[in-house]
Amino acid sequence: MTTDTTHTATSAEHSENHGMSDAGYIRIAAILAAITALEVSTVYVDFGPLFLPALLIMMVVKFIMVVSYFMHLKFDNKLFSLMFYAGLVLAVGVYAAFLATFKFFIQ
Amino acid sequence: MAIIEREIEVMAPMVATPTSTYGVLKRPVAATGWRAWVFTVDHKKLGLMYGVTAMFFFIVGGVEALLIRLQLAAPNGKVLNADLYNQMFTMHATTMVFLFVMPMAAGFANYFIPLQIGARDVAFPRMNALGFWMFLFGGIFINLSWFIGGAADGGWFMYAPNSGPVFSPTHGIDFWAFGLQITGIASLTGAINLIVTVLNMRAPGMTLMKMPIFTWMMTVVQFLLLFAVPVITVALFLLSFQRNFGARFFDVAAGADPLLWQHLFWIFGHPEVYILVLPSFGIVSEVLPVFSRKPLFGYPFVVFSGAAIGFVGWGVWAHHMFASGLGPVSVAVFSLTTMAIAVPTGVKIINWILTMWGGKLVFSTAMKFSIGLIVLFTVGGLSGVTHSVAPSDTQQTDTYYIVAHFHYVLFGGGVLGIFSGLYYWWPKMFGKMLNERLGNWNFWLMVIGMNLTFGPMHILGLQGQPRRMYQFTEARSGEGLFNFAFWNLVASIGSFVLAVGILLFLINVVITARNPTKSPLDPWNSRSLEWMTSNPPKEHNFDVIPTVHHLDEFFHRKYEEDPATHTMRQIATAEEIMAEQERNADAHIHMPSPSYWPIVLAFGLPVITFGMIFSHLIAVFGAVIVFFAAFGWALEPSTAPASDFETNNSAPSTELDTVGKS
Amino acid sequence: MTDTTAHGHTSSAGISNVKLGMWAFLGSECLLFGGLISTYMLYRGRVTGGPRPSQIFDIPFTSVSSFVLLMSSLTMVLAVSAAHKGEDRKTNLWLTVTALLGATFVGGQVYEFTAFYNEGLGFSTSLFGSSFYTLTGFHGVHVTVGIIMLMSLVGIFKRSEVPGKKAEVVEMIGLYWHFVDIVWIIIFTLVYLIPV
């Protein structure tokens with residue numbers, strides 16, 4: 001399934017950047033690990049009413065960090081972002097509406 | 001100098017001795033015979049294979065429909081018992097939706113998208129072949145159930161818990177669910193393939209807003225497929241797990257909510273109906289301008305309304321569930337969104353009518369079918385608008401009024417568009433034109449038959465005939481002349497008129513095949529790029545990839561505006577344009593090579609699903625086939641290296657398909 | 001006249017076919033996992049028999065598993081980085097480490113599921129059971145397929161038979177792998193950390 005693309009098409013994109021150095025990636029991984037630790041701490045530390053928002057925000061931050069940096073989406077052609085975020089936004093929208101019809105978000 | 005060495009009709013067999021093996025198989029090389037079809041990765045051959053297979057399933061689904069109509073032709077029908085009737089309407093709908101309309105659209109898309117954008121094939125040719133074989137094997141798998149214990153019987157929408165093992169103990173639904181998973185993967189891979197092709201492989205100069213409108217509509221369809229197929233995949237897995245592995249998803253005693261199935265199914269199901277109709281909208285948008293001698297009116301509006309339909313179509317699904325107990329808030333929201341989606345469709349209808357307005361109309365068969373679509377789809381759309389009003393839908397739902405609606409939009413819309421495309425593009429695909437006189441009979445019998453069949457169903461629905469009712473008694477029939485019995489009889493007669501119309505199409509195909517008369521190069525004086533090729537196109541499509549400067553590029557190569565009179569004057573004939581292409585042909589063209597792996601991998605899938613139903617050992621064996629094929633595929637380059645073919649004295653080159661001398 | 005390839009040469013958007021295809025696929029996978037996650041969320045805590053989530057989850061254990069999977073994303077990105085620099089041995093090293101970390105995660109899942117099963121949570125026990133095992137099972141299968149792809153790549157590299165550009169293939173598998181990781185980021189939070 002690999003395509004026989006010529007060098008010009010892909011090398012242009014590569015020269016753009018492999019912006020992050022290995023050290024940079026390790027830094028990102030450290031941040032992700034720290035956020036994970038913080039997430040787990042919510043089980044042991046009482047966050048009060050902040051519990052759910054904090055957890056969800058941390059989840060979203062980790063998600064976006066992996067997508068933007070590890071998956072390189074931030075530095076790549078915007079078409080890839082469009083493709084992926086279209087699916088993501090659609091999924092969140094449709095399934096949130098679906099759960100809403102079951103009164104999932106009403107206490 | 002570059003001269004076309006090979007005639008299209010006569011493909012001199014290439015002597016080839018592949019040197020590399022992948023797995024245990026050397027790659028196939030035959031250019032003629034059955035192997036040229038079974039191992040092909042050529043989008044045109046695959047398109048034809050999709051079309052032929054889809055037409056076969058159209059007949060199957062049609063026979064299923066005729067049996068239903070025979071059963072309902074009179075009170076106390078004895079043609080089908082209740083159980084068989086359930087299987088019949090389930091399989092009729094499943095076959096028509098998944099095994100006829102969708103693959104037929106895939107066939108047109110496969111054949112014409114690369115040609116319309118000036119490409120030589122799609123982005124992933126082997127995956128394209130995989131898609132076709134998965135569709136074929138999936139379709140066969142679903143229908144195996146007829147012979148092994150009975151077909152699926154829960155309706156094409158398969159509501160839970162009726163679909164569970166308690167109420168439907170035969171294997172029919174398992175064949176249905178697993179078979180649709182296979183065809184679903186076919187749709188998904190096809191969608192990825194075409195999206196990448198359209199975004200990445202357009203000819204130089206062809207911006208998105210210079211793309212032919214059929215390609216635009218099909219691209220919207222591919223995005224719909226890309227995002228909708230996973231949803232039904234989830235639903236089918238939940239169903240299969242419930243039926244085969246004891247999951248409790250739809251088990252009310254465990255606290256399950258049967259609406260889970262309905263939501264998941266219709267979140268897929270509503271985009272699905274746009275998947276079914278947008279291809280026909282695309283075809284009609286191509287046909288009308290050609291036979292009105294005018295460009296498509298409001299091309300940007302047609303494009304954006306297509307995208308809008310694709311987008312808004314995700315927000316309306318629960319209008320299929322108005323009577324399910326959703327509650328007033330949900331019902332109101334979905335009622336409003338459903339009304340909204342009528343707008344972009346209305347925009348298209350207006351643009352089509354304005355395309356014809358003031359044009360010099362040519363009433364070819366293709367044109368008649370397209371005009372038929374405008375009229376009959378609008379009828380279906382109007383009944384659809386009445387459904388969007390939730391209170392009135394509460395009366396209409398689950399009655400024949402709904403059956404009338406969706407047959408007007410699916411048959412009047414989807415099917416008529418398909419037939420328009422067949423008559424329009426037949427000369428391009430086969431080098432011959434379908435007989436127009438027979439086409440006229442074909443058209444009128446289909447239209448009359450269709451209206452006789454589905455028109456009365458509006459009345460029947462309002463008279464109270466429910467869906468999925470296998471039989472009605474004299475008493476149930478009601479009083480007076482125009483009762484159930486009367487209108488059902490009219491509908492049944494209509495269905496046979498319709499069947500004769502379709503038979504005429506098949507006869508037309510046979511007669512045309514036997515007729516030696518070739519079609520002219522540009523029989524309809526067309527506008528878009530696929531017509532700037534021979535009939536049928538050469539294997540490599542274009543001798544030289546065209547540079548595109550206009551929307552309707554082919555038209556603008558034939559005509560330009562006379563600055564003095566401001567009318568269009570001809571500057572070149574199609575023949576002259578083709579000759580110039582040949583003079584400037586590329587010397588060396590590498591086409592993707594045929595491969596075994598798509599059909600082998602595809603074959604593994606029904607083996608897995610058969611095993612899931614009957615024997616897990618067989619399933620493992622199927623998985624091994626898939627695994628082995630995946631490896632062979634990954635290791636095989638998409639184009640065979642030159643070393644795979646030895647030089648033949650008479651052939652000027654070593655590539656499987658080369659134009660001209662090096 | 002210039003050489004023309006059947007695909008990729010006239011690239012209207014100027015990007016790789018395979019990469020665009022992979023991102024389209026990942027977009028569709030959002031709908032797949034979204035459906036499974038929503039089903040779980042609808043049914044979470046619907047326990048007519050058998051243990052509840054809070055009774056059965058071992059947060060410390062799953063946290064370690066999650067950390068392992070997260071680190072495998074790091075090693076994956078290091079593999080891609082090495083592949084772009086043409087450092088074959090380093091690429092193979094990081095690919096292997098990623099596969100090992102992934103296998104550790106899957107091993108942890110298997111251990112966890114076995115423990116749950118022994119504590120009374122079967123696939124058919126309750127809606128919680130069915131939806132939990134289905135969601136995490138689908139994720140686990142995705143991870144396993146990823147591990148197979150990683151090890152296959154290492155094996156193929158050793159034989160030097162990868163058609164097409166090596167770095168691109170590693171990058172594509174990397175995208176798949178990271179996606180599987182981000183799905184777990186969501187599952188870990190929604191399923192394990194929010195008490196029912």
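Trainee: What share of the 196 residues in chain C is buried?

Mentor: Buried residues make up 54% of chain C. The model is predicted.

Trainee: What makes a residue count as buried?

Mentor: At least 20 other C-beta atoms must lie within 10 Å of its own. Take Ile15(C), in the loop between strand 1 and helix 1 of chain C. Ile15(C) has 22 other C-beta atoms within 10 Å, so Ile15(C) is called buried.

Trainee: How far is Ile15(C) from Val183(C), in sequence and in space?

Mentor: They are 168 residues apart in sequence. From C-alpha to C-alpha, the distance is 26 Å.

Trainee: What is the make-up of chain C?

Mentor: Chain C has 6 helices and 1 strand. Along the sequence the pattern is β-α-α-α-α-α-α. The C-alpha trace of chain C spans about 75 × 35 × 25 Å along its principal axes.

Trainee: Of the contacts in chain C with a separation of 6 or more, what percentage joins residues 24 or more positions apart?

Mentor: Such residues account for 80% of those contacts.

Trainee: And what does chain A contain?

Mentor: Chain A has 4 helices and 0 strands. Its pattern reads α-α-α-α. Of its 107 residues, 27% count as buried.

Trainee: How do you know how helix 2 and helix 3 of chain A are oriented to each other?

Mentor: Two packed helices are described by the angle between their axes and the distance between the axes. Here helix 2 (residues 22–44) and helix 3 (residues 51–70) of chain A have axes that come within 10 Å and cross at roughly 160°. Angles over 145 degrees count as roughly antiparallel. Therefore helix 2 of chain A is roughly antiparallel to helix 3 of chain A. The crossing of helix 2 past helix 3 of chain A is left-handed.

Trainee: Which residues make that contact?

Mentor: From helix 2 of chain A come Ile28(A), Leu32(A), Ile35(A), Leu38(A), Glu39(A) and Thr42(A). Helix 3 of chain A contributes several residues, including Phe51(A), Leu55(A), Met58(A), Met65(A) and Phe70(A). By class, the contact divides into 12 nonpolar, 1 polar and 2 charged residues.

Trainee: How do you know whether the length of helix 3 of chain A agrees with its residue count?

Mentor: The expected span is 1.5 Å times one less than the number of residues. For the 20 residues of helix 3 of chain A that gives 28 Å. The end C-alpha atoms are 28 Å apart, so the two values agree.

Trainee: Which residues of helix 3 of chain A are buried, and what do they pack against?

Mentor: The buried ones are Met59(A), Lys62(A), Val66(A), Val67(A), Tyr69(A) and Phe70(A). They pack against helix 2 of chain A together with helix 3 and helix 6 of chain C. Just after helix 3 of chain A, His72(A) takes a positive phi of about 70°.

Trainee: How many residues does each chain give to the contact between chain C and chain A?

Mentor: Chain C gives 51 residues and chain A gives 45. Helix 1, helix 3 (59–84) and helix 6 (166–193) of chain C each supply at least two residues of the side that touches chain A.

Trainee: Within chain B, how are helix 7 and helix 9 oriented to each other?

Mentor: Helix 7 (residues 259–292) and helix 9 (residues 328–356) of chain B pack at an angle of about 15°, with their axes 9 Å apart. The cut-off for roughly parallel is an angle under 35 degrees. So helix 7 of chain B is roughly parallel to helix 9 of chain B. Helix 7 passes helix 9 of chain B in a left-handed crossing.

Trainee: Is helix 18 of chain B mostly covered or mostly uncovered?

Mentor: Mostly covered: 13 of the 18 residues of helix 18 of chain B are buried.

Technical notes. Residues are numbered from 1 along each chain as its sequence is written. Chains are lettered from A and ligands numbered from 1 in the order in which they are written. This is a predicted model: local features need pLDDT of at least 70, side-chain atom pairs count only at pLDDT 80 or more; totals for chains, interfaces and linings use all residues. A residue is buried if 20 or more other C-beta atoms lie within 10 Å of its own, exposed if 12 or fewer, and partly exposed in between; C-beta atoms are placed from the backbone. Axes are lines fitted to C-alpha atoms, for helices over the stretch in contact, and angles run from 0 to 180 degrees between N-to-C directions. Angles under 35 degrees count as roughly parallel, over 145 as roughly antiparallel, 65 to 115 as roughly perpendicular and the rest as oblique. A crossing is left-handed if the near helix is turned anticlockwise from the far one by less than a right angle, and right-handed if clockwise. Two residues are in contact if their C-beta atoms, placed from the backbone, lie within 7 Å. Ala, Val, Leu, Ile, Met, Phe, Trp, Tyr, Cys and Pro count as nonpolar, Asp, Glu, Lys and Arg as charged, and the others, Gly among them, as polar.
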